[in-house]
Structures are given as C-alpha cells and as structure tokens.
Amino acid sequence: MSRDAAEIARLSAAAMWKEDEASRAMGMTLDKAAPGHAVLSMKVAVHMVNGHGSCHGGFIFSLADSAFGIACNSRGERHVGQNCQITYLAPARLGARLIADARERHRADRAGIYDVTVKTEAGEVIAEFRGYSRAIAGTLLPEA
C-alpha cells in the first residue's frame, strides 16, 4: 500500500513533533502539515518578553525555525537546516498569538529553500525567515 504525499507529510510531522520537546515546552502548537508546508503557532507569554516590552527575538526565531523544520521534512526524507536568516520587522507583544507559515520555495536533489512568515493573528508581519535545508541519510517513516 503506497502513501500519498499528504499522508506522508502528516506522518512525517507527527514523527518530528513527537520528539520536539523544546518547541512544545515553549508553548508551540503544530497547526498544519502538508507537502512542503507547515504552520505552527505560539502565544507570547510573560517569560518571553524583554525589557522593551516585546518578545525576545530568539523565541520568534525558534518558532520560525520549528515551522521550517516540519516543512523541510514533510516528504519523509530526513533534512537538516544548513543555513538561515531572519529579519525582524515589527515587535511582538505580550499576549499576541504568533503564527509561523513555512512554505517550500525550491526543492531539488538534496537541497531545499523555505520561506517562513511570522505574523500575529491580526495579520501584522513580525518577521521573515529564509532557511536552506540539506538531506541526510535515512527516512522519517518506515516503509509501508
């Protein structure tokens, strides 16, 4: 029995998410997984706010990076981040729910490029992240 791309993406995301205690501990939720696509969200809690009253950039980066990780592993192959960059565009405030939407821009052979937009629920763009992935040995799922 062969699996379709949507099922592989869901199963791959579940396998990754099961082992990602750090993201879950920060209050992230996995909201969507599809081939080359993932959506994660997180509410800015009091321990995430800095002296300027905005969310520490590291939390925003972690949310974007986690969405990137789910998206680049959504085809059952094992991928790791090779390089990434983030641009912060607006502050995220206490209580805001941040949504990281990761989308595959390009995938060929063993490499991929993914863009992640982090927004508030109201649609304000907080950050733009670009990640580059590289395939490593093995698969996330046993053969069906």
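Two residues are in contact when heavy atoms of theirs lie within 4.5 Å. Keep that in mind while you look around this predicted model. Here's the quick tour: six strands make an open sheet, α1 packs on that sheet, α3 packs on it too, and the largest nonpolar core has 31 residues.

**The sheet**
- Reading across, the strand order is β1-β2-β4-β5-β6-β3, and the pairing is antiparallel.
- At the edges you'll find β1 (29-34) and β3 (77-88), each of which pairs on one side only.
- On average, neighbouring strands are turned by 20 degrees against each other, if you ignore direction.
- Zoom in on β4 and β5: they run antiparallel and are joined by ten bridges.

- α1 touches β1 and β2, and its direction makes about 150 degrees with that of β1.
- α3 touches β1, β2, β3, β4, β5 and β6, and its direction makes about 155 degrees with that of β2.

**The nonpolar core**
- Leu40, Met42, Ile60, Leu63, Leu98, Val116 and Val118 have the most contacts inside the largest core.
- At least two core residues come from each of α1 (5-19), β2 (37-43), α3 (57-72), β4 (97-108), β5 (111-120) and β6 (125-139).
- α3 gives the largest share, with nine residues.

**A closer look at Met42**
- Leaving out residues up to four places away in sequence, Met42 touches Met26, Gly27, Met28, Met48, Phe59, Leu63, Ala96, Arg97 and Leu98.
- Among those neighbours, Leu63 and Leu98 also sit on the list of residues with the most contacts inside the core.

Conventions: Residues are numbered from 1 along each chain as its sequence is written. This is a predicted model: local features need pLDDT of at least 70, side-chain atom pairs count only at pLDDT 80 or more; totals for chains, interfaces and linings use all residues. Side-chain values use heavy atoms; hydrogens and water are left out. A nonpolar core is a set of buried Ala, Val, Leu, Ile, Met, Phe, Trp, Tyr and Cys residues joined through side-chain atoms within 4.5 Å. Buried means under 20% relative accessible area, exposed over 50%, partly exposed in between (1.4 Å probe, protein chains only). Helices (H or I, at least four residues) and strands (E, at least two) are DSSP runs, numbered from the N terminus. Two strands pair if DSSP finds at least two bridges between them. Axes are lines fitted to C-alpha atoms, for helices over the stretch in contact, and angles run from 0 to 180 degrees between N-to-C directions.
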